[in-house]
Amino acid sequence: MPVKKYLLKCLHRLQKGPGYTYKELLVWYCNNTNTHGPKRIICEGPKKKAMWFLLTLLFACLVCWQWGVFIQTYLSWEVSVSLSMGFKTMNFPAVTVCNSSPFQYSKVKHLLKDLDELMEAVLDKILAPEFGHTNTTSTLNFTIWNHTPLVLIDERNPDHPVILELFGDSQNSSSPAPGSTCNAQGCKVAMKLCSANGTVCTFRNFTSATQAVTEWYILQATNIFSQVLPEDLVGMGYAPDRIILACLFGTEPCSHRNFTPIFYPDYGNCYIFNWGMTETVLPSANPGTEFGLKLILDIGQEDYVPFLASTAGARLMLHEQRTYPFIREEGIYAMAGTETSIGVLVDKLQRKGEPYSPCTMNGSDVAIQNLYSDYNTTYSIQACLHSCFQDHMIHNCSCGHYLYPLPAGEKYCNNRDFPDWAYCYLNLQMSVAQRETCLSMCKESCNDTQYKMTISMADWPSEASEDWIFHVLSQERDQSANITLSRKGVVKLNIYFQEFNYRTIEESPANNIVWLLSNLGGQFGFWMGGSVLCLIEFGEIIIDFIWITIIKLVVSCKGLRRKRPQAPYTGPPPTVAELVEAHTNFGFQPDTTNHSPHAEVYPDQQTLPIPGTPPPNYDSLRLQPLDTLESDSEVEAI
């Protein structure tokens with residue numbers, strides 16, 4: 001019922017017409033508003049009216065400009081960073097240790113036999129080019145070589161460089177004949193990459209032949225290992241009981257059984273201590289070396305793959321529990337024959353999140369499929385970047401790279417099934433657009449823990465204790481009275497908290513809603529002397545303007561409809577007698593027969609209007625008060 005009454009009032013208001021004009025409404029607003037400027041526009045003389053109008057308009061523009069600046073600053077979602085210190089007992093970080101060589105050469109030698117022979121022949125060509133072609137190349141298997149060969153680029157004439165094949169004639173018609181020499185200063189080794197059956201080729205140049213042959217060997221080894229079953233690759237790596245000789249956490253002894261193995265393609269078998277997947281996370285009792293993790297490792301440097309691992313040492317990384325260790329990007333080396341002490345400090349990062357920081361809580365709002373989710377680890381930006389690259393690799397090259405996890409239903413790249421994969425992979429790796437795309441799609445984690453390390457090293461064991469230490473370690477591992485270890489293969493690690501103080505770096509909004517409202521109100525009050533009520537008054541007059549406009553439009557439409565002329569009758573007008581008869585006799589029907597040959601026929605079913613005399617306007621006879629007559633006359637005058 002209240003809604004019906006309200007609608008009826010609105011209908012009567014529309015029928016009655018506007019009660020004010022625009023001018024009257026504006027004058028009323030200026031007289032009654034709490035804003036200072038509009039009152040002076042109405043009350044002052046002509047000159048002051050103009051002056052106050054210009055001042056009010058100027059200050060209103062200043063207020064709008066300042067409001068725009070403050071709203072734009074607020075919508076930029078800037079953050080301020082606060083640093084706080086805390087002290088508490090902390091969980092010991094997860095520690096991942098790997099060997100620099102991913103495989104034992106004695107176990108993969110049969111797979112790398114052809115590749116190693118090619119590598120030795122390439123080095124002979126580079127080191128002794130003056131001997132030309134020898135008969136030794138007839139025993140080489142060029143199946144691998146033909147997919148991605150190495151070439152020499154003669155740059156002695158920079159305007160016309162010449163491409164020379166290491167095991168064949170020059171590709172350029174102007175090149176020297178076979179057997180020509182090219183010294184190290186004049187020639188550079190490059191990798192030739194071809195696609196589409198060799199019709200499209202490019203060259204990847206290197207400043208040193210060492211870099212060229214190393215990258216070429218790794219690329220060819222990737223092709224070989226990608227065709228081996230994962231369980232066979234694990235068996236070719238270093239076993240935990242061979243690499244972990246001794247372990248001590250605080251005062252509690254530990255062994256290789258306290259480590260979780262994972263296979264990392266760059267470094268083979270890696271082992272994680274205190275990962276927190278199935279075992280309880282271990283806390284650190286106190287800061288200091290005696291309460292940390294002590295390890296003695298044997299990297300077995302004598303069994304390294306000679307052309308695949310040119311760095312000797314242990315690769316390790318400290319990370320948070322239940323996170324995947326990206327050792328190639330975030331790990332550090334520990335040198336053989338030394339004791340490496342690592343003091344740890346903890347930084348906790350807490351980002352604000354959208355819309356202030358482009359971060360994610362668990363990766364669910366990232367458009368990239370996390371290929372590392374099978375490890376049941378938490379989200380990290382490295383996992384997203386690697387997954388994004390593998391996705392581009394599969395989309396562009398139709399196969400996945402050996403170094404990254406493979407989605408279901410896809411295959412790893414190799415020369416047999418995908419002959420053009422090396423060309424595609426290296427182009428994609430050097431693509432700036434690909435990197436920018438992945439960086440724009442991946443997000444940082446909103447909550448992250450970083451471990452800052454202070455590293456110091458010393459020779460270990462010393463010359464005085466070397467003999468007995470190696471005897472004991474050899475006896476414990478190999479049950480041998482002879483020394484089976486050497487200084488070149490052992491690494492000692494001490495990992496501990498320097499102190500239990502930790503830093504929390506937290507983001508907070510630099511401009512919140514309170515800041516925005518206080519600045520908007522301050523500018524409005526300073527320039528216009530107004531408040532929130534003044535804004536409500538201004539909103540009210542805007543609504544009144546709109547309402548008056550609607551009423552005027554409705555009244556105008558009704559007036560046009562009334563002035564529209566009525567359609568004329570199609571037949572002749574009725575006579576006076578017919579009109580009188582029709583008015584007095586309701587059953588009268590006019591005669592529609594033709595009275596003359598020239599008479600027009602009325603249309604069938606035509607209804608004629610019944611004439612009548614309108615009632616008199618009795619309002620003209622009523623007496624009205626004098627003040628009412630005067631007000632009506634004033635309105636008519638206006």
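Modeller: Ala 458 is partly exposed, with a relative accessible area of 42%. Under the scale used here, buried means under 20% relative accessible area, exposed means over 50%, and partly exposed lies in between, with a 1.4 Å probe and protein chains only. The model is predicted, so local features need pLDDT of at least 70 and side-chain atom pairs count only at pLDDT 80 or more, whereas totals for chains, interfaces and linings use all residues. Residues are numbered from 1 along each chain as its sequence is written, and side-chain values use heavy atoms, with hydrogens and water left out.

Ala 458 belongs to strand 17. Helices (H or I, at least four residues) and strands (E, at least two) are DSSP runs, numbered from the N terminus. Ala 458 touches Gly 337, Thr 338 and Glu 339, leaving aside residues up to four places away in sequence; contact means heavy atoms within 4.5 Å. From C-alpha to C-alpha, Ala 458 and Thr 340 are 6.8 Å apart in space, although 118 residues separate them in sequence. For the protein, among contacts between residues at least 6 apart in sequence, 74% join residues at least 24 apart.

The peptide bond joining Trp 460 and Pro 461 is cis, with omega about -10 degrees. Pro 355 sits in the loop between strand 14 (338–350) and strand 15 (359–360). Most residues other than glycine have a negative phi, and most peptide bonds are trans.

Arg 322 is not a glycine, yet its phi is about 60 degrees. Its place is the loop between strand 12 (314–319) and helix 11 (327–330), and its relative accessibility of 30% makes Arg 322 partly exposed. Trp 77, likewise not a glycine, has a phi near 55 degrees. Trp 77 lies in the loop between helix 4 and strand 1 (79–87) and is partly exposed at 25%.

The axes of helix 4 (residues 46–75) and helix 16 (residues 513–528) come within 9 Å and cross at roughly 170 degrees. Axes are lines fitted to C-alpha atoms, for helices over the stretch in contact, and angles run from 0 to 180 degrees between N-to-C directions. The two helices are therefore roughly antiparallel, on a scale where angles under 35 degrees count as roughly parallel, over 145 as roughly antiparallel, 65 to 115 as roughly perpendicular and the rest as oblique. Among the residues that meet are Phe 59, Val 63 and Trp 67 of helix 4, and Leu 516, Leu 520 and Phe 524 of helix 16. UniProt lists residues 50–75 as "transmembrane region" in an unreviewed entry; such annotations may be inferred rather than shown by experiment, and their positions follow the numbering used here. Over residues 50–75 the chain is 100% helix and 0% strand, with its end C-alpha atoms 37 Å apart.

In the loop between helix 8 and helix 9 (230–236) lies Ser 226, which is buried at 11% relative accessibility. Ser 226 touches Tyr 402, Tyr 412, Cys 413 and Asn 414, not counting residues up to four places away in sequence.

For the protein as a whole, the secondary structure comes to 19 helices and 18 strands, and buried residues make up 38% of the 638 residues.
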